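Me: I have just opened this one and would like a slow walk through it. Could you take my questions one at a time?

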Amino acid sequence: MPPSRRLSRVTKVTLALLVPAALLLSGCTSRKDVVETYAREGTAARQDQRGTDAEAFFLSAVERARPLDAATQSDALWRLGAFYREQGRFRDAVAPLTESLELGVRSGRIDRTDLARRRIELAKAYAVLNRWNDGRNQLRDASEGLAGLSAPEAADARELIEVYRERLQGLGSSTDGLP
C-alpha cells in the first residue's frame, strides 16, 4: 500500500477517534451543533487543501445530520456535493446535491436564494456531465432566487446561464425558461 493511502486511513481513523472528544470539550451540546462543527471543519480543511480531511468531515456531518430535520440534512449534503464538484468528482456530486435540493424544498425552511445556490451547483455538475437539459431545468427553477445572490455569485450564475444558452442552442434544444 502506498504511503499516501496509509496516511489517508490514519487520518480518517484519527478524525473518527479525536474529533468527537474535541467536540464535547468545545461545548457542542446538541446534535445540530455537532453537525455544524463538522461542516465548519470540513470547510477549513477544504480551504487548507486537505481534501481527505475535508471529505471525512463533510461525510461525518451528513451522517450525523440524518436523524435531524430536513433543512439540516440539506445543508450537510449541499456542502458534501459542492466539495465533490470542486474536486472534479462530478458524478459523486450529483446524488448529494440532488438530495440536498429535494430536502431543502420539502423542509420549507430553505429560502429561495439558498435553493438557487443548490440548483446552480447542481447545474455546474450537470454541465460537465453533458446533462444539458437537466441543468437547464435547474437554472430555470433557480430564477426566482437569483436576485438574492451576492454580486460575485450573480456574475457566476449569469456566466453559467450563457454557457447553457450557447450549448443548448448548438444542440438544437430549447432555451425557454432560462433566466
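**A buried alanine and its surroundings**

Reply: Ala142 counts as buried because its relative accessibility is 1%, where buried means under 20% relative accessible area, exposed over 50% and partly exposed in between, with a 1.4 Å probe and protein chains only. This is a predicted model, in which local features need pLDDT of at least 70 and side-chain atom pairs count only at pLDDT 80 or more, while totals for chains, interfaces and linings use all residues. Residues are numbered from 1 along each chain as its sequence is written, and side-chain values use heavy atoms, with hydrogens and water left out.

Me: Where is Ala142, and what does Ala142 touch?

Reply: Ala142 lies in helix 7, residues 132-142; helices here are DSSP runs of H or I with at least four residues, strands are runs of E with at least two, and both are numbered from the N terminus. Not counting residues up to four places away in sequence, Ala142 touches Ala116 and Arg119, with contact meaning heavy atoms within 4.5 Å. The C-alpha atoms of Ala142 and Ala157 are separated by 9.8 Å, and the two residues are 15 apart along the chain.

Me: Stepping back, how many helices and strands are there?

Reply: The protein has 8 helices and 0 strands, and along the sequence the pattern reads α-α-α-α-α-α-α-α. Of its 179 residues, 43% are buried. The accessible surface comes to about 9800 Å², 49% of which belongs to carbon and sulfur atoms, as computed by the Shrake-Rupley method with a 1.4 Å probe. Among contacts between residues at least 6 apart in sequence, 57% join residues at least 24 apart.

Me: How do helix 5 and helix 6 cross?

Reply: The axes of helix 5 (residues 90-107) and helix 6 come within 9 Å and cross at roughly 155°, the axes being lines fitted to C-alpha atoms over the stretch in contact, with angles running from 0 to 180 degrees between N-to-C directions. Helix 5 is therefore roughly antiparallel to helix 6, since angles over 145 degrees count as roughly antiparallel, under 35 as roughly parallel, 65 to 115 as roughly perpendicular and the rest as oblique. The crossing is left-handed, a term for the near helix being turned anticlockwise from the far one by less than a right angle, with clockwise giving right-handed.

Me: Which residues meet there?

Reply: Among them are Phe90, Ala93 and Leu97 in helix 5, and Glu121, Leu122 and Ala125 in helix 6. The residues of this contact divide into 11 nonpolar, 3 polar and 3 charged, where Ala, Val, Leu, Ile, Met, Phe, Trp, Tyr, Cys and Pro count as nonpolar, Asp, Glu, Lys and Arg as charged, and the others, Gly among them, as polar.

Me: And what about helix 6 with helix 8?

Reply: The axes of helix 6 (residues 112-128) and helix 8 (residues 151-171) come within 11 Å and cross at roughly 40°, which makes helix 6 oblique to helix 8. Their crossing is left-handed. The contact includes Ile120 and Lys124 of helix 6, together with Asp156 and Ala157 of helix 8, and by class it has 7 nonpolar, no polar and 4 charged residues.

Me: Changing topic, is Arg85 buried or exposed?

Reply: Arg85, which is found in helix 4 (residues 70-86), is buried, with a relative accessible area of 17%. Leaving aside neighbours within four places in sequence, Arg85 is in contact with Phe90, Ala93, Glu121, Lys124 and Ala125.

Me: Last one: where is Asn130?

Reply: Asn130 sits in the loop between helix 6 and helix 7 and is exposed, with a relative accessible area of 52%. The phi of Asn130 is near 60°, a positive value in a residue other than glycine.
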